Amino acid sequence: MTRWGYLSALVLLCQQFCFAQQPAQNSEAAMIGSNGPVSSVQTYEQHKQTAIRINELAGRIQSEADTSAVVSEIAGLFAKELPPAWASGSIRQRVAHAEYESVRNPARLIPEQRIVDVWNQYVKEIGAPDEAIVSVAEIHNMRDGSFTLAQLMWPRGNQTIWTMPNVYALGSDGKVADGCRALDAIRVIHDLDDLFQNLRGARDRLRKGIVPSEEIKKHVGDPNAQLHGAVRLEAHADTNPIRPAEQRYVQEHGSVAYDQLLVRLFDELFPRE
């Protein structure tokens with residue numbers, strides 16, 4: 001297993017994936033927070049219908065069986081690419097339980113601070129540069145941007161597993177809450193590991209005082225508004241400081257030690273009850 005296999009596998013984004021129908025380079029679809037790949041065994045339309053089904057399930061969770069169905073749907077979407085640990089279902093069950101608890105009781109949301117602590121511990125242990133250290137404000141801005149873009153894209157027909165709005169925990173103001181649902185937390189870890197440019201984008205917005213959800217409100221009703229600069233989360237190739245550190249760690253410590261590190265951090269993100 002490589003990278004954050006136990007965590008990011010659920011929302012896997014591997015380089016071997018490709019769009020069955022690649023959107024135009026200047027289209028809004030090309031600006032989705034994650035680059036929205038579809039497994040080559042599925043057409044884009046098949047993936048879209050699966051995403052619609054998952055999003056609907058995620059929006060009406062009433063039991064742990066419902067969250068298990070959501071997790072199974074996502075796992076099924078990437079069945080051939082998931083690491084062996086997912087075959088037993090134990091990891092999926094843990095995530096499904098955490099997802100249900102976070103939906104059932106807002107007090108059980110996964111604090112952004114916990115995600116920050118787990119990620120920063122990972123960064124330090126693999127010896128990644130200080131640039132990879134994150135703050136709660138950066139994580140929150142990333143999530144705000146992802147959710148805001150999902151709200152824009154989903155109603156316009158850009159419906160993929162990467163634009164599902166119903167997986168986010170929301171506050172009474174309709175914005176992302178300070179805590180995450182389990183699937184939301186996994187998405188954050190995935191983006192930090194595989195789409196580091198999204199973190200850089202959040203940092204840039206924070207320096208400029210831009211909150212995507214607030215920026216959108218300023219332009220509601222203006223069809224000519226240029227919103228992409230505020231909410232775009234880049235998906236192009238970038239200089240990711242995590243990848244060399246991960247490779248170096250595995251070379252120096254071995255894959256078994258790396259897997260043990262991931263398991264330990266997974267337990268910290270989703271503690272056993």
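Colleague: What do the side chains of Glu138 and Arg203 do?
Modeller: They meet in a salt bridge, 2.9 Å from N to O. This is a predicted model, and the distance is computed from it.

Colleague: Where do Glu138 and Arg203 lie?
Modeller: Glu138 is in helix 6 and Arg203 is in helix 8, so the pair ties together parts 65 residues apart in sequence.

Colleague: Is Glu138 buried or exposed?
Modeller: Glu138 is buried, with a relative accessible area of 13%. Arg203 also counts as buried, at 14% relative accessibility.

Colleague: What does Arg200 pair with?
Modeller: Arg200 forms a salt bridge with Glu131, and their closest N and O atoms are 2.8 Å apart. Arg200 belongs to helix 8 (residues 196-208), while Glu131 sits in the loop between helix 5 (112-126) and helix 6, so parts 69 residues apart in sequence are tied together.

Colleague: How many salt bridges does the structure hold?
Modeller: It holds 17 salt bridges. One of them joins the side chains of Arg181 and Glu99, at 2.8 Å from N to O. That pair links distant parts of the chain, 82 residues apart: Arg181 is in the loop between strand 2 (179-180) and helix 7 (182-194), and Glu99 is in helix 4 (residues 90-104).

Colleague: What is the relative accessibility of Glu99?
Modeller: It is 0%, so Glu99 counts as buried. Arg181 is buried as well, with a relative accessible area of 8%.

Colleague: Which residues are linked in a network of salt bridges?
Modeller: Asp193, Asp194, Arg243 and Glu246 are linked in that way.

Colleague: Switching topic. Which side chain of opposite charge is nearest to Asp144?
Modeller: Lys175, at 5.9 Å. Asp144 is buried yet has no salt bridge, because a salt bridge needs a side-chain nitrogen of Lys or Arg within 4 Å of a carboxyl oxygen.

Colleague: What does the side chain of Asp144 make a polar contact with?
Modeller: With the side chain of Ser213, at 2.7 Å. Leaving out residues up to four places away in sequence, Asp144 touches Val176, Val211, Pro212 and Ser213. Asp144 itself is found in helix 6, residues 136-153.

Colleague: Now the nonpolar part. Which residues in the largest nonpolar core touch the most other members?
Modeller: Tyr122, Ile126, Ile242 and Phe270, out of 56 residues in that core.

Colleague: What does Ile242 touch?
Modeller: Not counting residues up to four places away in sequence, Ile242 touches Trp119, Tyr122, Val123, Ile126, Ala128, Ala132, Leu192, Asp193 and Phe196.

Colleague: How many helices and strands are in the chain?
Modeller: There are 12 helices and 2 strands. From the N terminus, the order is α-α-α-α-β-α-α-β-α-α-α-α-α-α.

Colleague: And what share of the residues is buried?
Modeller: Buried residues make up 55% of the 273 in the chain. The accessible surface comes to about 12300 Å², and 49% of that belongs to carbon and sulfur atoms.

Colleague: What about contacts between residues at least 6 apart in sequence?
Modeller: Among those, 76% join residues at least 24 apart.

Methods
Residues numbered from 1 in each chain as written. Predicted model: local features only at pLDDT ≥ 70, side-chain atom pairs only at ≥ 80, totals over all residues. Heavy atoms only, no water. Core = buried A, V, L, I, M, F, W, Y, C linked by side-chain atoms within 4.5 Å. Buried < 20%, exposed > 50% of the residue type's maximum accessible area, 1.4 Å probe, protein only. Contact = heavy atoms within 4.5 Å. Helix = DSSP H or I, 4+ residues; strand = E, 2+ residues; numbered from the N terminus. Lys, Arg positive; Asp, Glu negative; His and termini not counted. Polar contact = N/O pair within 3.5 Å; in protein donor to acceptor, adjacent residues only side chain to side chain. Areas by Shrake-Rupley, 256 points an atom, 1.4 Å probe, with all protein chains shown as cover.
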